[in-house]
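Keep the viewer open as you read.

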Amino acid sequence: MRLKLLWVGKTQEAWVKTGIEEYAGRIKRYCPLEILEAREEKGAQAAVMRERECERLVKLLPKGAKLIVLDERGDQLTSPELAGFLTKQRDQGTQDLVFAIGGAFGFTDSFRSQAFKAISLSKMTLTHQMVRVFLLEQIYRGFTIMNGEPYHHE
């Protein structure tokens, strides 16, 4: 299974970049990981920015990939549940599992409808920059749970 993370905009904060590098490196011990950035739209109405950003994200989706969108209305999973989800995808032979993080205004309904699953990391609103690190850490945690490693504590 190959993992891909798609997100809108360049990572701005140095501490976020450091977190991304740290957890991306850890994940790569378990499976191939690719991070792709779609250009952030600026200077237009929210709906127009959302539409243009999602058009760019669609172009980055591998054909036949299973898309998971991060969305505040998505399912909230525990870390062990995420590990179970990852295990199931691996065991079912999923080739490309893609997690997408939208821009400041989220996804269009059209893009969201292409998703296999929607997940939410929190009921609180988080910046799309911080979510990058949180998602990577949770994916890493999921792999350690899958492999019976001592990172996660119940």
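What volume does the largest pocket have? It comes to about 510 Å³. This is a predicted model, so to speak of local features we need pLDDT of at least 70, side-chain atom pairs count only at pLDDT 80 or more, and totals for chains, interfaces and linings use all residues. Residues are numbered from 1 along each chain as its sequence is written, and side-chain values use heavy atoms, with hydrogens and water left out.

A word on how pockets are found: on a 1 Å grid over the protein atoms alone, a pocket is an open set of points where a 1.4 Å probe fits, with protein on both sides within 12 Å along at least five of seven lines, and lining residues have an atom within 4 Å of a point. Points are joined across faces, edges and corners, and the volume is the space filled by probe spheres set on them.

Now look inside the largest pocket. Its lining has 25 residues, and L70, D71, E72, G106 and L126 lie nearest the centre. Two or more residues come from each of β3 (66–76), α4 (109–113), β5 and α5. Here helices (H or I, at least four residues) and strands (E, at least two) are DSSP runs, numbered from the N terminus. The top contributor is β3, with 4 residues. Sorted by class, the lining has 10 nonpolar, 9 polar and 6 charged residues; Ala, Val, Leu, Ile, Met, Phe, Trp, Tyr, Cys and Pro count as nonpolar, Asp, Glu, Lys and Arg as charged, and the others, Gly among them, as polar.

Take two of the listed residues. K123 sits in the loop between β5 (117–120) and α5 (128–146), and it's exposed, at 74% relative accessible area. L126 belongs to the loop between β5 and α5 too, but L126 is partly exposed, at 30%. The cut-offs are under 20% for buried, over 50% for exposed and in between for partly exposed (1.4 Å probe, protein chains only). Leaving out residues up to four places away in sequence, L126 touches L121, V131 and F134, contact being heavy atoms within 4.5 Å.

Follow the chain on into α5, where you'll find H128. H128 is buried, with a relative accessible area of 16%. Beyond its neighbours within four places in sequence, H128 contacts V8, E40, I101, G102, G103 and A104.

After α5 comes G148, with a positive phi near 65 degrees.

Finally, the second largest pocket has a volume of about 200 Å³. Of its 13 lining residues, L77, L82, S120, L121 and Q138 are the closest to the centre. This time α5 gives the most to the lining, with 3 residues.
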